[in-house]
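This report covers pockets and the residues that line them. The sequence and model come first.

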Amino acid sequence: MEKNNEALKSIRQAVRAVPTYPFVPSEVPHKLDQNENPDDFPPALKQKALERMLSYEWNRYPELHADKLRGLIAEYENWDPKGVVLTAGSNLLIKLLLELAGIGQTLISSTPTFPVYSLEALMLDTKLRQVPLNKDFSLPVEELKAEIEAATQAGESGIFYLIQPHAPTGYLDPQAAVQELVEYADERGWIVILDEAYYQYSKTDYRQLVKGHARRLSMRTFSKAWGLAGMRLGYILTSPELAQNVLKLVPAFNISLVTQAVIEEALENDSYMHENVNRAISERDRVLEALQTHPTCKAYHTHTNFFLLRAPDAQSAYVHLLQHGIITRSQDKLPGLEGCLRIGLGNRADNDALLAALASYEG
Ligand SMILES: *Cc1c(COP(=O)(O)O)cnc(C)c1O
């Protein structure tokens, strides 16, 4: 129908063809659908961040590219500040990286993967080459290498993207597999994005694999372990050459004074984040242990703050949990994830509610 709509005829077909981002907000007691941190930023730190904000001049633009905050994050990560780029959430970085090296070129990844990449790629006329994950959710190393080689032989270039630990499966691949793929793609000239949104929960860190390599980058966010999804801050750690080009695409003044004040406070007081992560990990062990004996559902081992549950029927499991005040995210339509729900690990009360609800579900 949209195709014939005269009013929209100047909108690029690639944009019109893409569905709107599939997310419907919902008011329920137990929000386990967005992989958020169940623990809010500590009230005492909120207060201090507010005081910091009061000392700023709100009528002035913030710094062009938040250089002070870039410096603080660089220091925190032990990275050259010239290789750090910040944006209002890493979702925006994904778009910018596709503008940098995707438009008219190619994006190679596994499937399923984080959906933002393919949606943005389609809108930005980027060719997608997606390789199905292995049945156990591990990366199909040989198949991915073959895809990278085939694309390179066909004269294509662009981005090779992988997440560690993986979303939406929570799987953590062996370091050797990740290293092999990163080197293979890099040697063929591809820009390599290592999305590390959940690295604090897996106790992994691929900074060393990125450092000193012009085409590699690690993408990180304050939205998960730091519990600051509402503040919108994502960043990459990369080479100065790559960062300099990404910065050309970053909208000027895109980090607000509010975000700046809160992130400065968080970095100076990071012990709360480590405590949150440790609590999340012990809750994760407890929930997965309890679900081992479920008669009909399988909970997959995870290295993140969420897990996949395979039920006899995804829709009935989703509705059952919703009736018990728990919202989750169905992954049933994704290849290899038939019957699966993605469930965030909440606080103790959320998780108790989840376990009680699942105890009365057989499918
Ligand atoms: C949550 C998440 C992000 C972070 O997105 P923000 O825009 O920074 O909130 C990035 N990558 C993956 C795979 C995620 O799950």
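## Largest pocket: lining elements

H5 gives the most to the lining of the largest pocket, with 4 residues. Helices and strands here are DSSP runs, numbered from the N terminus (helices: H or I, at least four residues; strands: E, at least two). At least two lining residues each come from helix H4 (90-101), helix H5 (115-123), strand E5 (158-163), strand E7 (216-221), helix H13 (314-323) and strand E12 (329-330).

## Basis

This is a predicted model: local features need pLDDT of at least 70, side-chain atom pairs count only at pLDDT 80 or more, and totals for chains, interfaces and linings use all residues. Residues are numbered from 1 along each chain as its sequence is written, and side-chain values use heavy atoms, without hydrogens and water.

The volume is about 1,200 Å³. A pocket is an open set of points on a 1 Å grid over the protein atoms alone, where a 1.4 Å probe fits, with protein on both sides within 12 Å along at least five of seven lines; lining residues have an atom within 4 Å of a point. Points are joined across faces, edges and corners, and a volume is the space filled by probe spheres set on them.

The largest pocket has 47 lining residues; closest to its centre are Tyr21, Phe114, Pro115, Arg329 and Arg342. By class, the lining has 23 nonpolar, 16 polar and 8 charged residues. Ala, Val, Leu, Ile, Met, Phe, Trp, Tyr, Cys and Pro count as nonpolar, Asp, Glu, Lys and Arg as charged, and the others, Gly among them, as polar.

## Second largest pocket

This pocket has a volume of about 270 Å³. Of its 18 lining residues, Asp40, Phe41, Lys46, Gly227 and Leu228 are closest to the centre.

Helix H2 (43-54) and helix H11 (257-268) each supply at least two lining residues. H2 gives the most, with 4. The lining splits into 10 nonpolar, 4 polar and 4 charged residues.
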